[in-house]
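Colleague: I am new to this one. Can you walk me through how to read it?

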Amino acid sequence: MKAPSTLQQAIQYFKDFENCQRFMIEMRWPDGKVRCPTCGADKVKYLEKARLWKCYAKHPRAKFSLKVGTIFEDSPIGLDKWLTAMWLIANCKNGISSYEIARGLGVTQKTAWFMDHRIQLAMQDRSLTQFDGNEVEADETFIGGLARNMHKDKKAKITGTGGAGKAIVMGLLDRHSAKVRLLHVPNTQGDALKTHVRRYVRGGSYVFTDAWAGYHGLDQKLRSQGH
Ligand SMILES: [Zn+2]
């Protein structure tokens, strides 16, 4: 079946789980090889009945669905609805209201709003995946004055008044895949930093920080201090 061109076709298309699967694999792994979201290995087996993959390596969460590691992971909404919503949002160039999404998908407006919000963010990043390593380093840097490489006293000064007016970039490094994501943050207040960590890093990961107070309040699981 060819790619859908109307909402009705999109609904039909993504009702078929195989189409959802093919679509997700193409988006996540352009070479077509499904990889374990925990260890990155491509030695995985498809369990057809359960619609899950199984990694041959011995580690927790060896069985995984295609939602694991993506913005869809922590929601009970099925891929059929998620992908139809993505199709709708991507194809309505003049924008679409959550009311229209709700009506099109047969979900509540609250659900539609949540989906819309997530999808918009993913489209901005051009990525559906979250950091999938178990160990992530978080660091914030001021462009124009690399705070991270400075002596403690100087750094304290910069993060005090000296940082005012400078662009702040937060870096997230996945120790496992060595993937780096640089994000602009409006300030180094806790909310901005923690929002990024929660959005990009999978729950259960260890986050290594420089003990900066801005990260305090992340769940214990998400945060492990010190290098
Ligand atoms: Zn694995």
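Modeller: Start with a definition. A residue is buried if 20 or more other C-beta atoms lie within 10 Å of its own, exposed if 12 or fewer, and partly exposed in between. Keep in mind that this is a predicted model.

Colleague: Is Arg61 buried, exposed or partly exposed, and why?

Modeller: Arg61 has 13 other C-beta atoms within 10 Å, so Arg61 is partly exposed. Arg61 sits in the loop between S2 and S3.

Colleague: Where is Arg51?

Modeller: Arg51 lies in the loop between S1 and S2. These two strands form a hairpin with 4 residues between them, and Arg51 is in the turn. Arg51 is partly exposed because 13 other C-beta atoms lie within 10 Å.

Colleague: How do I read the pairing of S1 and S2, parallel or antiparallel?

Modeller: Count bridges and check direction. S1 and S2 (residues 52-55) run antiparallel, joined by 4 bridges. For a landmark, find Tyr46, which faces Trp53 in S2 across the pair.

Colleague: Which strand does S2 join by 2 bridges?

Modeller: That is S3, residues 63-64. S2 and S3 also run antiparallel. Here Lys54 stands opposite Lys63 in S3.

Colleague: What should I know about side chains along a strand?

Modeller: In a regular strand, side chains alternate between the two faces of the sheet.

Colleague: Now the whole chain. How many helices and strands are there?

Modeller: The protein chain has 7 helices and 8 strands. Of its 227 residues, 26% are buried.

Colleague: And how do I read the contacts?

Modeller: Ask how far apart the partners are in sequence. Take contacts between residues at least 6 apart: 47% of them join residues at least 24 apart.

Definitions and conventions:
Residues numbered from 1 in each chain as written. Predicted model: local features only at pLDDT ≥ 70, side-chain atom pairs only at ≥ 80, totals over all residues. Pairing = 2+ DSSP bridges. Contact = placed C-beta atoms within 7 Å.
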